[in-house]
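Student: I have a model open and want to learn how to read it. Where do we start?

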Amino acid sequence: MLSRTADNLYWLARYVERAENIARIVTVGNRMASMALSLGNPGNEWESTLIATGSEEGFFAKYEAATGPDVIHYLVRDRDNPSSILSCLETARRNARAVRTALTVDMWEALNGTWLKMYEAEEALSAPERLLDFLEWVKERSLLFSGAYNNTMLRDDAFHFTRVGTLMERADNTARILDVKYHVLLPGDEGVGGATDYYHWQAILRSVSALRSYFWVYNDRLKPWLVSELLMLRPEMPRSLVSCYDGIVRHLDALAESGGGQRGECHRIAGELYARLRYGRIQDIFEAGLHEFLTDFTERSALLGDEISSFYLI
Amino acid sequence: MRLIVRHRTTYSYASPVFAAIQTLRLTPRSYEALAVHRWSVRSDQRRPLPSFTDGFGNITHCHSVVQAHTEATIFVEGEVETTNTFGIVRGATEPLPPMFYLRRTPLTEADEAIQAMAGEIVSERSPLKRLHALLNLVRERVDYRIGATDPSTTAAQALAEGAGVCQDHAHLFIAAARHLGVPARYLGGYLWTGVESQDYQASHAWAEAFVPDLGWVGFDAANRICTTEAYIRTSIGLDYWSASPVRGVRRGAADETLAVRVQVEQAGQEQ
Amino acid sequence: MHYEIIRRWLDETPTTALSVKRREAEFLFRRTGVTFSVYAEGGDRERLIPFDIIPRVLDFAEWQQLSRGLKQRVRAINEFIRDVYHSRQILRAGHIPPELVLHNEAFCAEMQGFDPPQGVYVHIAGIDIVRTGPGGFVVLEDNCRTPSGVSYMLENREAMMRLFPDLFARHRIAPVSHYPEDLLDTLKSVAPPNCKSDPVVALLTPGSFNSAYYEHSFLADEMGVELVEGPDLFVDDNVVFTRTTKGPKRVDVIYRRIDDGYLDPLTFRPDSAIGTPGLFNAYRAGNLTLANGVGTGIADDKSIYPYVPRMIRFYLGEEPILENVQTWCCWDGDDLAYVLDRLPELVVKEARGSGGYGMLIGPQATKTELADFAARLRARPGDYIAQPTLALSTCPTLVDAGIAPRHVDLRPFVLSGGKEIRIVPGGLTRVALREGSLVVNSSQGGGTKDTWVLEG
């Protein structure tokens, strides 16, 4: 297939996934902020929301302080922010249009339908109480798209590139959400293990739809290392790093096979990262430092993105 | 006169260029005043260059490099036998009729100043005399000065500037001639100067005008003469734009350094 | 009378039901993204071309006549282009003023002496036709460069079949859906001489910001060929390749929807970012077919249009089956005098230009506009042609007030391959939605209709 088509599919999938992730993170940020207010301990929840979405640099270039309405506007609607939900959806639709012939009808209709409704939905946002409905809608549309492509695309290179895009974005997002714990301040009179700490961990799980799963898997109260293990190392958790990398490695392998066995640096990096997650132990990671592990992971994952690009997409 | 041409162009880039492609109009065709004995256009990159004849009748080579590179060299080498026909071009392939060469182009648009200049010579009686008068007038109005103009300079700009190179003289001559209803065209090629020539002078540009009863006649306004056995025609067009001896596009930003060496010598007197 | 079936259908269907169907159709188009972008509008919002659900009907006999006329015309046009880029017999014979061709911007000297594969220049022609009376069709304009609109023809039929399946069950309506297959056959039949295997075809688009992008993606999809943009291609040793995830892949035939000037920055406009450097060299070297060929604009230029009937006589030795609209060439002194005298009755068009912007419609013009145009005509007579305001036929159309007559034209698409010329029955019917308006361009408030050729 055309390199440009592959590139477009890869990014289109990433953008849809990113829109969904940001919707999830803003939902949780909103919840954490109102929780903190009701506990009488307003903290830096909005700032951590920015960090979790990787948007702090762009935001602070524009604003002095991270207030709720500003952060929400920046992450949801601001066209200056290429990763705001609406920017992502617009970019995804634009990419889709540029590779229409590579999309199934259902994929196109999912994306185009989102785009057609989007401006209406945006107008409704002028009423703050509609925010959660909107975020829910974004999540639904993304799930619709992923259902559409997972169930209608031929299992060929186009599918593999789309899937790699989704999984790369998802892994990035999970790593960043988990790392937020490192940045969020606990109220001065409260330590690790206090009520706020507890709610934070709960919010993290919620943001990846994993609160229920946690209890099913561990049958235990929330413990930081278990939450981390679930989101990083458990293969049965679909948004965990190891699940994502399992998929990335498989799809890159499939691409290599259909390309006559040609492999590049991207295959090696993906395999190495996967092995680390597959055979890693949470106690070792905690001993060496969770934040350090995640920082390194995010850097390598960015490198992998570059290598995929130069091997297949340019 | 037997002339030997050696022309080498080396492109060097500060950082690798991923792809480069060029159209080369650097090959003369035989006609009454010139017979080509041997001629080759080659590159230091792997293979022989494919060629075809373009719409103006120019033999055109295409040079493409599709992998990253920091240097590429093109070699032109050949030998021709020429005679002096006092500028008259006979026996050449003419795919397009003279009337076509009345067409206006952005580089040869006659503005008011050019129209006025053309007006100064209409009193000359014969068409040939008019063109000779124009030849001198162009050179009088535009001093030969390197660096005053660039390849995108129009005839009107060169006249306003009062300075330029052979390309500008040719453009101005063409613009005025066409304004007077005389078909005129742009020629690119090589020039034997007789002295140990400086490189830029051996690659030359001039004009041809269509004179009733004579046909196409070469006019070199830069040197105030009709063309002689020292001229080798390699590209014909409406203006520099359509007759550029070398036109290229490259992918990948880079500072380009160009090293050109052109030698035109008389056979038997090579140095 | 063939319109009988439409009348009966309209009689038995309440207007409100039609309105509901119209909204349904709009929803269908929106969802599949059958839209066009208007350059002037900002942002990424797209517009639908209004679709009228009342079909336009042609009976079989008149279609056959029309179709023979179209084939004849396209054959002559192709001969003309070949001649113009070779020995120019028609100019020597004095049938067309030579300067009209040689000084025309659409005359592309780069094509001189070149023989395109199978001698075909105009593989896809869109000929704009109007009906001026019973059985009388005249040609309004030839489109020989990159005519668009065929996707609307196909989508309109698709929509009608979904909305009114019973109508199609009751009448024998000639199908159109095989157009993409015919197009692919046509393109493969003109593979370049150096192509030794099954030709690889691609559709070259300027990109998703182009107003006809939907059509490009639609056709590529329907033909099952790669939709490429300039930067997806590269040329090496005068051979064209696409960049794919598995390395370079050779391309033999390009159905290009990019204008000549932007095709190849190495040969044409150097500032073109949508083209591919070297494409034209590959074409001239015999390693590539471009469809349509380069330089075909010389045949559809408005200043050349008046001479098409002469071309038919000159090259084919036949009488034209389809007539031109009577046209006065303002570069001719007598014609100019006539035009200036009768300006309020005439339509004046720029000899160059498209989209219906630079025109004067005499009967609708104000005094100032008339004076203004008269001045322009005197200043640059060579730039204008004039035609009578036509008594264009109308077609019943669903408008806000109900069903009313509106002016229509027809653009059939003529495919010329190595061996045969084919036309899908019908074409794109465009309708001027404003009452009394004669302008059917989609950029100026025109809409489209499904076009039926009734078989028996």
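Student: Which residues of helix H1 (residues 112-119) of chain B are buried?

Tutor: Keep in mind that this is a predicted model. In H1 of chain B, the buried residues are B:Ile114, B:Met117 and B:Ala118.

Student: How should I read that spacing?

Tutor: Start with the general idea. An α-helix has 3.6 residues a turn, so residues three or four places apart point the same way. Now the case here. Looking down the axis of H1(B), the buried residues fall within an arc of 100°, so they line one face of the helix.

Student: Which exposed residues does the face of H1(B) turned away from the buried side carry?

Tutor: That face carries B:Glu112, B:Ala116 and B:Gly119.

Student: What do the buried residues of H1(B) pack against?

Tutor: They pack against three helices of chain B: H2 (127-141), H3 (155-161) and H4 (166-179).

Student: Let's zoom out to domains. What does the domain assignment of chain B give?

Tutor: Domain 1 covers 2-82 + 246-266, and domain 2 covers 88-243. Their centres, taken over C-alpha atoms, are separated by 24 Å. The contact between them takes 22 residues from domain 1 of chain B and 25 residues from domain 2 of chain B.

Student: Which strands each supply at least two residues of the domain 1 side?

Tutor: In chain B, they are S1 (2-17), S2 (19-27), S6 (69-82) and S16 (256-266). S16(B) gives the largest share, 6 residues. By type, the domain 1 side divides into 11 nonpolar, 7 polar and 4 charged residues.

Student: Now chain A. How many helices and strands are there in chain A?

Tutor: Chain A has 15 helices and 0 strands. Next, compare its radius of gyration with the globule rule. The radius is 19 Å, close to the 20 Å that the rule gives for 314 residues, so chain A is as compact as a globular protein of that length. Of those 314 residues, 47% count as buried. For contacts with a separation of 6 or more in chain A, 67% come from residues 24 or more positions apart.

Student: How many residues does the contact take from chain A and from chain C?

Tutor: Chain A gives 19 residues and chain C gives 18 residues. On the chain A side, the elements with two or more residues are H1 (3-38), H5 (85-98) and H6 (105-124) of chain A. H6(A) gives the most, with 5 residues. That side divides into 7 nonpolar, 5 polar and 7 charged residues.

Terms used: Residues are numbered from 1 along each chain as its sequence is written. Chains are lettered from A and ligands numbered from 1 in the order in which they are written. This is a predicted model: local features need pLDDT of at least 70, side-chain atom pairs count only at pLDDT 80 or more; totals for chains, interfaces and linings use all residues. Helices (H or I, at least four residues) and strands (E, at least two) are DSSP runs, numbered from the N terminus. The radius of gyration is taken over C-alpha atoms; the globule rule is 2.2 Å times the number of residues to the power 0.38. A residue is buried if 20 or more other C-beta atoms lie within 10 Å of its own, exposed if 12 or fewer, and partly exposed in between; C-beta atoms are placed from the backbone. Two residues are in contact if their C-beta atoms, placed from the backbone, lie within 7 Å. The arc is that of the directions from the helix axis to the C-beta atoms. Ala, Val, Leu, Ile, Met, Phe, Trp, Tyr, Cys and Pro count as nonpolar, Asp, Glu, Lys and Arg as charged, and the others, Gly among them, as polar. Domain bounds come from an automatic or database domain assignment.
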